[in-house]
Amino acid sequence: MATEATVNSTAPPGLPTPARKEYYWLRSFAAGGIAGCCAKTTIAPLDRVKILLQAHNPHYKDLGVFATLRSVPQKEGYLGLYKGNGAMMVRIFPYGAIQFMAFDQYKKLLRKKLGISGHVHRLMAGSMAGITAVICTYPLDVIRVRLAFQVKGHHRYTGIIHAFQTIYKSEGGVSGFYRGLMPTVIGMAPYAGFSFFTFGTLKSLGLSHAPTLLGRPSSDNPEVLVLKTHVNLLCGGIAGAIAQTISYPLDVARRRMQLGSILPDSKKCLTLSNTLKHVYTTYGVKKGLYRGLSLNYIRCIPSQAVAFTTYEFMKQTLHLN
């Protein structure tokens, strides 16, 4: 059985070639967006806690991961665990859509135009796709982080629109929305690269060496083999764990730079190198650069598992195989 399908084979019969390709892009965009939203909604409470711990929010600075998970509902109600999730959904749909769609396109480009294939092209395509998605949606991520960092009774922003207006007026206009972009891009390259690389490699090896045990025919195209759902979840979880471990210190630096003037030590966090140095000298490795890592493992494994599994499911639902 084949493991890949051509673009034209996914389009409804009777449509001219340009329309069929456009229809494919639209469905591919939707599949990636839905996968991203499902993944992030699954781990939204853990994501809120991670932001509070990484940036040493004064209301929770002396608490650990699980103590913070218990404390947030007590102080802010259970909806406090989902603070900033509305902004997250506004950002994550285009982010997921662009990332997954760009990965497929970069992979084809590297293979056909540059002659790069095998496992290396997954790593390169994943890195390029992650960087592309970050640059396109970064302002929305800044807004989401600012809203998630707020604590009930101490609000600086009343909502997404107000946050946009405030940052634009008080933090240098458009440049205020791109604070921390460089560490994000640098951190996203290994994160997305190793995430797609690990999942793609595990999928390829599984379908090549144990197709009957690990795979099944795709529901939209019996000629294409896909992983079984529980195997998809496992491969996605492993991919997330490896990718997050490699890129975590850069993620800590990114969050602190994004929060900007909210933090009392913001002047020490203007560049990537200064932020990493400040966090290391002030808090050390375990309580600084890797603060919240235990939570990160708990959140990244189900997040990536759900993202890849949902995307594979949506590819079948929307006839992308």
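Read along the sequence, the chain runs α-α-α-α-α-α-α-α-β-β-α-α-α-α. That pattern holds twelve helices and two strands. The model is predicted.

**Overall shape**

The C-alpha trace spans about 60 × 40 × 40 Å along its principal axes. How does the radius of gyration of the chain compare with that of a compact globule? For 321 residues, a compact globule would have a value near 20 Å. The chain has 20 Å, so the two agree.

Burial comes next. Of the 321 residues, 55% count as buried. Contacts tell us about the fold too. Take those in the chain with a separation of 6 or more: residues 24 or more positions apart account for 72% of them.

**Surface and charge**

The chain exposes about 14500 Å². Carbon and sulfur atoms supply 66% of that area. The chain carries 37 positive and 13 negative side chains. The centres of these two sets lie 5 Å apart.

**Cysteines**

A disulfide is a covalent bond between the sulfur atoms of two cysteines. How many disulfides does a search of the whole structure find? It finds zero. The cut-off for a disulfide is 2.5 Å between the sulfurs.

| Residue | Relative accessibility | Class |
|---|---|---|
| Cys38 | 33% | partly exposed |
| His319 | 44% | partly exposed |
| Asp251 | 8% | buried |

Why does Asp251 count as buried? Its relative accessible area is 8%, and the class covers values under 20%. Asp251 is found in helix α9, which covers residues 229-259. Which residues does Asp251 touch, leaving aside its neighbours within four places in sequence? They are Lys50 and Gln54.

His319 sits elsewhere. It lies in the segment after α12, a helix that covers residues 293-317. Its phi is positive, at about 55°, although His319 is not a glycine. With 44% relative accessibility, His319 counts as partly exposed. That class lies between the 20% and 50% limits.

Methods:
Residues are numbered from 1 along each chain as its sequence is written. This is a predicted model: local features need pLDDT of at least 70, side-chain atom pairs count only at pLDDT 80 or more; totals for chains, interfaces and linings use all residues. Side-chain values use heavy atoms; hydrogens and water are left out. Helices (H or I, at least four residues) and strands (E, at least two) are DSSP runs, numbered from the N terminus. The radius of gyration is taken over C-alpha atoms; the globule rule is 2.2 Å times the number of residues to the power 0.38. Buried means under 20% relative accessible area, exposed over 50%, partly exposed in between (1.4 Å probe, protein chains only). Contact means heavy atoms within 4.5 Å. Accessible areas come from the Shrake-Rupley method with a 1.4 Å probe; for residues, only the protein chains shown count as cover. Lys and Arg count as positive and Asp and Glu as negative; His and the chain ends are not counted. The place of a charge is taken as NZ of Lys, CZ of Arg, CG of Asp or CD of Glu.
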